[in-house]
Structures are given as C-alpha cells and as structure tokens.
Amino acid sequence: MKNQIQLVLKENIRDVEGEKIRQEAANFLQIDTGIVKTGKIFNVMYDLSEKEIELFANLGLKDEIIHDVFINSFYQNSKFKTFILIARLPGVTDDEGVSAQKTLIDILDLDLDVNTQHIYTDDIYLFEKDLTDSQLKELAEKMLGNKLIQHFEFGKFTGRIDYIPEVKITSDEQVKIIDLNITDDELMRLSKDMLLSLNLEEMQAIQAHFADEKVKKYRSEKGLSLDPTDCELEVLAQTWSEHCKHKEFSATIKYTNKETGEEKTIDSLFKTYIRKSTEIIRERLEKAGNNWLLKIFTDNAGVVKINDESVFVWKVETHNSPSAIDPYGGAITGILGNNRDPLGTGIGGGKLLFNTNVLCFGPPNYDKELLPGQLHPRRIMEGVRHGIEDGGNKSGIPTVNGSIIFDDRYSGKPLVYCGTGGVMPYTLNGMNSWLKPIAAGDLIIMAGGRVGKDGIHGATFSSAEIDEHSPQSAVQIGSPITQKLLGDFMQEAVKIGLIKCSTDNGAGGLSSSIGELATISGGAIVNLEKVPLKYANLKPWEIYISESQERMTFVVTNDKKDELYNLAKEREVELSDIGIFTDNGFIDVRFDEQSVAFLDMEFLHEGVPKKFMEAVWEKPKLTEPQIPSNLDYNETLEKLMGSLNICSRENVIRQYDHEVKGKTTIKSLMGPDGKAPQDAAVMRLNFDSFAGIAVSNGIIPRYSDIDAYEMSAGAFDEAIRQIIAVGGKLPDPEDKSNRFWTVNDNFCVPDSLYDPKTNPDGKLKLAKLVQMNEALFDMSTFYNIPMTSGKDSMKNDFKAGKIKISVPPTILYSMVAKVDDVRRNVTSDFKASGDLIYQIGQTYNELGASEFYRLFDELGANVPKVRKADSKRIYEKVIKANDQNLIESNHDISDGGLAVTLTESAFGGGFGAEIYLDKLSDLDLKAILFAESHSRFVCSIKPENKTEFEKLFGKDAMLLGEVINEHRLKVKFQNSDVINIEMNKLRTAWEKGLL
Amino acid sequence: MKKVKALIITGFGINCEEEMAAAYRLAGAEAEIYHLNDIFNGIVSIHDFDVLNFPGGFAFGDDLGSGKVLSNKMKFKKMNDGCLFMDEIRKFLADGKFILGVCNGFQFLVKMGLLPDVAGNWQQEVTLTRNNSAKFEDRWVYCKVNPKSNTPFLKGIYVLPVPVRHGEGKLIIKDEEIKKGIVEKDLNCLSYCDADGNITDKYPLNPNGAELNCAGLINSTGQVFGLMPHPEAFLSLYNHPNWGQMKRRNPNISEDGDGLKVFKNIVESLTSP
C-alpha cells in the first residue's frame, strides 16, 4: 500500500528556491513563470498504519516552524495554474528517500529494511502563470531536471500522482554463451552490439585465445563452454578498455617531424616520457640518499614521504563523458570517485586533506544551435559546479583551489578534472602504509553502497565518443553521505589493523578492482550471488562490471573478519564477503556455483594487442596580426579584466567549502575584502606544526593551437611558478628535509587515431600529443619534479551526425610541494602604500595565443616559450629573497599579462598603483602590458629593502613604480599616460564577467 | 589540577570534529572524539565529560533539511540501555555542564528544541533554513557579541571575525512571542555586523537573511550555545584571509586566531572555581 506525504512551505515563509527558479527561467529561458511554489513528496511503500504515517510525517519529516504537511492529499491553490513534477527514473540514486527511511525506523522503533529503496521522493513545482505544455517541458528539461535520469509530469495539476519508480526486471537466462566462430564483420558487429568498444584486432585476439588448444583443453576439463560467456567478454572489454589499459599511451608510434626532418619510433609514450622521467629523478634522489618517492604509477595514487611519521598520497583524474550528459551526476561521481583513489591506496584509509578541480567549458553565452544530445555550456557549468560543491562540501573535504577555462571547443565535451590529496601514517601496525600485500586465502570483502545497473559500460563508454544514443546506464548520481560513512569506517578499521589492504571500485566495478588485486596474489574466486543488490534480477555479468558508486574492496584475513563485521555494524556500513584470493593464475567468477567467467590472468592483463599509430608534425603557417595602433588602453584593460578566462570566479569559489578542517592558510581569494586571487593554495598538515603543502595547477590549452610542446612546457612552468610565488622552494636531490614535489599529469586530447574518412588530421593530433610528452620529460627532468600518477583521456570528441566538436589538446599539471613554514608564505595582494612594485623576469615579444589577441579574435604566431635556465635562475632568486623576508606580495603573471596581474594585486589589497614602464624594455607597449611570457611575477617590497632586493635580482627584476592609496591604476609610458583608470571600474568589470 | 574534558561527537556525516578537538587541546583541555553510536551503545558516557560538542558537517547529507535526521535520532531513538539520549542531556545540564553546537551542530540543537528554549519545555521554537541567496556560501563575517548575554563562551569578546560555511543558516522564529522572549532574555548572543560592530541586515554582511540578524543563540542559563559561524576554523591567525596585511600592520600580532578565545573561555570557566 502506498502512502504519500507532501511538505510545502507555509504561506508566510519565503520560498527562496522558488524565487531562484523564477529568476533563472526569466533570465535563461525567457519564460515568465510568475510566483513559483516548491514542494517535496515522499512516496512511502512500507506497509504502515495511519497512525504511523501521521507520526512519521509530523515528527520525522516536517519542520514545524516552516512546513505545512499533507498526508495522502496534496497542496492545491487556485493561485497556481500549472505544475511540474520531477521524479527519478527507476534505479536512480535517491539519498533523500533513504535518509527518510532511516529516520522512520528511528522514530517509530521499527525493524524494516533500509538498504533498498522503499521511499521515493519527488519534487513538485507550482507556477502562478498558465504556462503552455511546451514551456513546461522546456523548464523541466532545460532547467529543473535531466530526462536521462528523471521522469517528468506537467500541465494542470489534478491532485493525483501515480508514478513510482520501482525497479522491475524480469529475469531470463543468467549466463549466455557467445559463439566466436564468426567472420570479422560479425566480430565487429558483436563488439558494437555488446558495447564492448573493442576493435577488430582485439576481437580477433579474443577469438584466437578461445580457439587455442591449451585453452580448449582446460575449459573442457573444467566442464566450461569452449566459447566465452557474456561475462568473459565483458570482463575482457572492461580490462582492455582505453580507460583501464591506456592502449594509446602504450602504443608503438611512428613519429615524423616535418619541421625538423626528425623521424623516430616511440615504444609507448608512457614508458618513454612519463615513467622514464620519474625514474631518472628517482635515481638522482637515491644517489643522494634522499628518496622521498615511495610509490609511483603502480597503485590508485602516487605516494611521497612527508617525514618519518607520515606520507602524502594524491591523485587527479577526469570525468568528462559522464559530465557531458549529466553534469551534476558526472561531476559528483567524478570527485567522489577521485576521493576513493587516495582512500584505496596501499593499505588504505588515508585522511583526505583537500580537493582541487579544473574545469573546461564552452562559453556560458554560447549561442550556436545545440546538437542532438548536447547540453548548453551554461547548464553544464552549473551542473558540474553543483556536483563539485556537493561532492566536496558534504564529504567535509575542502576544495582549496581550481581553475575554469572557456573555449568554444569544450562546448561538446567539457573537461572535468578532479583531484584529491590525503595523508597516511608512515606505518600502520608495523607495516609501511603504502604497501599492498595479498596472499592466497585472503578474503575479498566488498563495502559500502549496493550494486545496481548504474554505470554499466562506464569504462568502455568513457573510451568512446559521445553521440545521441549514449546509454542511459552510463549516468550515475553519487551519494556523498554513503561514502563519508565508508571513509570514516575505513580510517577506524585500518588503524586497528582490521584491513590488510584495499582498493576502490571505480570504472569497471568489481571486475576491475578484483582483477587488479588478483594480480598480486595470482588469482581469485568470486561468488557473485553474495553481492548485495539494490534490486533483484541483475545478470551475473552486470553485477560484476556494474560501477555502482561508493564501494571499496577490502582484503581481509580470516581471523579479522568478525571484528571487522562488528565495527561495520556499529558504524552502519554494509559489508559482504564475496570471495577469496587464490594463486592459480585464474579469475574464477561464479554465481550459485555455476561458472560465470574463468579467465587466464595473463591473457586478461597482457593479451591486448599493441596498437600502432602514426604521428606527423607540420608547423602551421601562422602570422602575427595587425592590431589597431590607436588602442585605448583603459578600455582594453577593462575588457580584458571582464573577459571569460580572466574574470572573477568568486561566485563559484564561495559555493565550495574551502576551509573545513581549519588548515587552509592560502585560499583562492584573500585580502581585506576577500577579492585578491591567489596563485597556489596552501594548507597546514596538522595543528602541531606549521609545515604545509602548496597546491597548484598549470593548464594553457589555447597555446596548443600554435605549439603543443610550448603549451605543455608552459603549463608545467605555470604550475611551478604558482608555488614559487607563494613562497615554495624548488626541489633539490641533495636536500635532506624531504622537500617533496609531486605531479599528476592529465592529458585530455581529441581522437588522435588517423582515419582517412573520420579523422583525417589524426596524425597531426597525435604529433601534438608526442610533443606534449617531450615537453613533460624535458621540464620534469630539468627541475627534478616527478610525475607520481596521472591519467589520459583520449576521445574527447562530441559527435552528432556529421558534426564533430573536438577539444583542443589539453594537459593539466597538478602539483603539490612541501612548504616548510606556512607563516612565511606570501600572498598576491599589495600590503601597504609606498611599497615598491617590481616585475621579476623578462617580457618577450610573445603575444601569440594571448587573451589580449583573443579580444580581437586573433591567434598570432609568437607563443610564449619556456627558457628553462633563465626560469630556474629567477626562481632561485625569488626563493632567496623570501628567505631574507624581502618580498611583501608576489603574484605570477599569466593570462592577460602584466597589466592584469598588476590590477589584481592592487585591488586585491585595496590600493592603486603608479607605474612607469620606460625602463622595462624596448618592446612594443602591447607586448609589455599584455604578453604572457613565462616565469614572471609582479612583486612588491618595502622601500627600505630596495638596495638589498635590487642587488639580489640584478637584471632579473625591474622597478615598475609604487603602491598608492588612491584607487587608480596609472601607467606612464614615454611620458604619456597610457592607462589612468579607477580601480573600481576594473574591479567591477572583473567581478561581473561571469554573472 | 584536573583537566577539563571535552567530548566531541562525530559520525553520520559530521566533519569538523578534528578542528574542534584541536581547539580544545589548544585551549588546554583534553578532547576526545566519539561516534554518536558509541554513546548510544554505551561505550562512552557523556557524563564523563564537562563539555559536549556537536561540530559542523552534513549529517545525512542535509536530507530532509539540515540537522533534521540526526536530531530525530537524538530525540526519538532509544539507546541500548532503553533510555533516551535527551534524558542524558537533561542530567548533563542539571550537573551544570555545557553544550556547544557549531553550524550543523547548531542546527541539531535548534531542531532538538534545546535552543533557544524560551518556554523551557524543549519544543522547537526556531529553525535554520535556506539562505536567502539560495546558495551554500563560504565567506568571512563579523559577529557582534550581545554584552547582556549570559554565557561563559563569549566572555570578553566584542566583535568576532569568523567564517560562515552553510546553505541553511537563516534563522526563522516561530512567532512574535518567541521572538520577544529571545530578545528580552538576551538569548540572541551573536549578531551579524560590519567591521565596526554595527549590526546589519545587509547582504553579505548578514550572509543568510537571519531574523534579528542572529548568528548564534544561547539558552536562558547560558549553558547551551549554538552558532552558525565556525570559531574552530579560526584557531590560527593564518586562517584569516587577510593575515598578510594584518601582520604587516602589526608585526607583533598574536598568532592565535580569535576563534580560539571561545574555547579558552569555556575551558577557563570550567577550571576556575
């Protein structure tokens, strides 16, 4: 029997949600809704008495100060003419329903099942205006909900709601045998029909494996089918997916550089550049006896040593494809999934210290017609932002820094980079915390959320282009509360030695987590009937590869099982004992003792054919544009301050909790009014010392239109200089204090596999990827700054019919460096009037791909180049100056160049600035003001430190002028005022750019 | 001398327990963090402590309204020994001990009826709900201490700079009678104000649109104190967004944050006879 309870706000209570909807409908959809009244409906499927329902509604759900409650009737008022109901589709996460279930049993003292869904919640919106069905549909689909995960009803409200999203699946055969004695065409059709995303070579490798006499022999001995089961194909497809196996980063690449005539064959980009650079650095560290690199590339996240008591573990990943089709769900599962990486590294259970995120979107004012399946960039931005907000805030992890980049080419597929850092004790119960020992006989225990159809084919989906038929099951909504309970529980269990080690269930689900862990012991037996389900009748293969979120896999010895289960019960975390590790070399998956998959681990992990790809570099023919000579610099700077890639992110930043845990000392916005943007975030590691870490990110995708090598090198430099700006120090293999640096590299590129028809410029795209890797290697080994983990996302194209929107080749370097004493850090805002302002570093004639050129819709040719030796000398001088307390403020020069940086430091501190540029160089004024040459800073010093400062820097710093109390920016060049503008005007333009 | 003992509750999505414990330790007290279920299961008793603390967080993800599900649990769920948690609290307060709730913790206290409790019957009299901005916001505000509010937590503090980090911090009072009671008894101990201490309803100085511009409440004995802003997030000068300029202006500035005073106050009042 169904009971329905509705909550609405009392008439005298302001409906702020309704007001927001009314305003957004008017702003973005030009629909006048009139007054909007919101309400919440609880569909209760438990069998409860009238009295029980009444108690539950009034005590459990209603806030008596603000709510009216309706039981088995609904609020109706002739003032409201139309309505929209948003319910969930079957199987979509409904946390609020689950929380209602939990409070129901607390209040009524009932013993009911709360692990599966029995209360379904809906949102209802009543509108004053008599809106047409097409207006209501537009509101529902474009603003209030997403038809991929939600059910809509709209029109005139009749006072009845019948829809209940119960999951009903009829079961048919459990395990299907797939005939592989088929032609190549049929193999490809099979790959497509089963959504395996495997190419012909890979399908043929599987075909050959099952035709192998040895394989046939052991399969028939075991009484298994000679042809593979559906589950076996699914497991192979998941394990061999680009997402999990990084086939393109492992491929053999023939590279031709037509600019230099160089030709070479690269045996795996990953091995040649990424892993190699870190190995070289590790050798240098080991040689000097100071190796702080504890774990690289082999676990869910890299691990470095902080000191003898603790280690730092962190990972940055992307969640692009899911965010394109359901921005909120994609981003929240992205950030929560990323949290599980440090949580599931080594023994696991690390304390998560911070989140970071970098987002690339189409412009919010995008006005081209939307393609089928494409969401508007504004919608994607708001959904992703909200997902990151909930993922971080509700988990109690501060989102300490980030970046947002706009470019038309991200309007098909956005890029959503999420990062999480954490701290583990150096040893746990006598063992090094980052190790992952597993022996035959250890138990496989799954913990956390239950398994449903969610995210089936997520791993293969993210390796494919998006089109209008993308599967709905790829969409998932994260549940931060489930994961918070699981994470807290893990910390406790690990501390008292109940968990031997752990890993997370992310892409590929159990198949991936158990598949990877089993390589350590040498095999595993899994009993799928023991996996707790959200609803009945999932097929075995679905259970095995489902990506239902908020799950970890624990390795547990038999003697600890009871104690672990007891603790789990007290902490309200569900555990299930689903199998055992073995050492016979096979993954053996069963359901009720029936074999579901029996795969040779060597074939599973090593059998994927190596890819061969071709890369050809041809330098684009580019020229510098003619910019009008009568430029109004006041106006230009104002425009630049308000431009999308420069303007304030305050509205976004303030919706993230960036200081929970009480350790953030440099936040994204600082200064007297909280308006001064900072270069890197800094956090203390604990409350007993002032040691900390600085977190930065370097990303400049637009430079790749001119030169992908310089784009990658520049992004690396940007991330370093942000840390130098706040007072960090470069690494030194000889240094004894464990001053670690650790980088996550994240490549997001368009499809780079050449195809004459579908991807004619594939070779050029791949050449850019090669160059990005070359730069990574050069920068990393030059500075001794190692990659410790990373990710690649290779198919960032959005396709609809014949139209394809491809992202520009993009790399994000996320860096963390140890900071000796956070009290000695430096912020970007000017500190006092009368202080002298300097530019540190040299400006060149490098306006190519600058934000300045973008104002004129020009690209140019002279992209900023990294001059490593100069940069290093400059950084070392900044470090020395900080050691001597010479610098009062420091801000790195990047997007928009010197003029923008000066402006930010000035209004950030509540001051103005008076600047004389003549001494700076003989460059054109436009380049002086707006070029984005690397390795530069705007700093300010006390006048009494002038001599010492200039002696230290020599030609590497140039006096620009001084900080003034008058709130104006005044710039003189060759005796004339080129800029003379009120600070307020610039600040206002900057603040309003994204509103 | 016996140290003051602070109990800090965690679990179910509470997430500020560590900085709360650090606050008490820095203030000279002993602090222990326990899961709420450890109290319900009888593993630990609140009566072994002097101050009971409900930190901030997102208990049950703020589902059904912030603090609602956890306050229901504390109000209605029977503990293992068959007693109600609220009866334990009654005894705890009768013993002259203190309760602090911050942010989500304040929301529990309000929904449990412990604050402001004008009528003295532990019925819910106010609520904390959606900010007028309809957004979660993390920003620093100033709070003016009501000099007539009788609570040791705020002794000697005039204006407290402190961060708010919430989406549901707007205080709504049930009716005029309760409002009158709050004002007459000076239970509105903290009000949003400008840098000079002038109470204001101007956004974003008042970040949520709270009635009476109220940021915090006490009960009539001053033993129970709840507030939306986070004093435990300002234990160190370096938590403040403007520490750079503050230090430049005053090189000898204390490295303690102003939020620490709240904890030093309560520890001191429990230490001195």
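**Exercise 1.** In which strand of chain A is the place of Phe406(A)? Determine also whether Phe406(A) is buried or exposed.

*Solution.* The structure is a predicted model, in which local features need pLDDT of at least 70, side-chain atom pairs count only at pLDDT 80 or more, and totals for chains, interfaces and linings use all residues. Residues are numbered from 1 along each chain as its sequence is written, while chains are lettered from A and ligands numbered from 1 in the order in which they are written.

Step 1. Helices (H or I, at least four residues) and strands (E, at least two) are DSSP runs, numbered from the N terminus. Phe406(A) belongs to strand S13 (residues 399–406) of chain A.

Step 2. A residue is buried if 20 or more other C-beta atoms lie within 10 Å of its own, exposed if 12 or fewer, and partly exposed in between, with C-beta atoms placed from the backbone. Phe406(A) has 21 other C-beta atoms within 10 Å and is therefore buried.

Step 3. Two residues are in contact if their C-beta atoms, placed from the backbone, lie within 7 Å. Neighbours within four places in sequence aside, Phe406(A) is in contact with Phe361(A), Pro363(A), Leu644(A) and Asn645(A).

Step 4. A separation of 5.8 Å is found between the C-alpha atoms of Phe406(A) and Cys360(A), which are 46 residues apart along the chain.

**Exercise 2.** Describe the open sheet that contains strand S7 of chain A.

*Solution.* Step 1. Two strands pair if DSSP finds at least two bridges between them. The sheet has three strands in the order S8-S7-S24 (chain A), with mixed pairing.

Step 2. Strands S8 (263–267) and S24 (612–617) of chain A each have a single partner strand, so they stand at the edges and one side of each lacks a neighbour in the sheet.

Step 3. From one strand to the next, the twist averages 20°. Axes are lines fitted to C-alpha atoms, for helices over the stretch in contact, and angles run from 0 to 180 degrees between N-to-C directions.

Step 4. S7 (residues 252–257) of chain A runs parallel to S24(A), joined by six bridges. Within this pair, Ile253(A) stands opposite Met613(A).

Step 5. Helix H24 (residues 762–783) of chain A packs on the sheet, where it touches S7, S8 and S24 of chain A, and its direction makes about 85° with that of S24(A).

**Exercise 3.** Which way do the residues of strand S18 of chain A point?

*Solution.* Step 1. In a regular strand the side chains alternate between the two faces of the sheet.

Step 2. In S18 (residues 501–504) of chain A, Cys501(A) and Thr503(A) point one way, Ser502(A) and Asp504(A) the other way, and all are buried.

Step 3. S18(A) runs antiparallel to strand S20 (residues 551–556) of chain A, with four bridges between them. Thr503(A) stands opposite Thr553(A) in S20(A).

**Exercise 4.** Examine how chain A meets chain B.

*Solution.* Step 1. The contact involves 54 residues of chain A and 50 residues of chain B.

Step 2. The largest share of the side of chain A that touches chain B, eight residues, comes from H3(A).

Step 3. The axes of H3(A) and helix H3 (residues 68–76) of chain B come within 9 Å and cross at roughly 10°. H3(A) is therefore roughly parallel to H3(B). Angles under 35 degrees count as roughly parallel, over 145 as roughly antiparallel, 65 to 115 as roughly perpendicular and the rest as oblique.

Step 4. Among the residues of H3(A) that meet H3(B) are Ser99(A) and Lys102(A), and among those of H3(B) are Val69(B) and Asn72(B).
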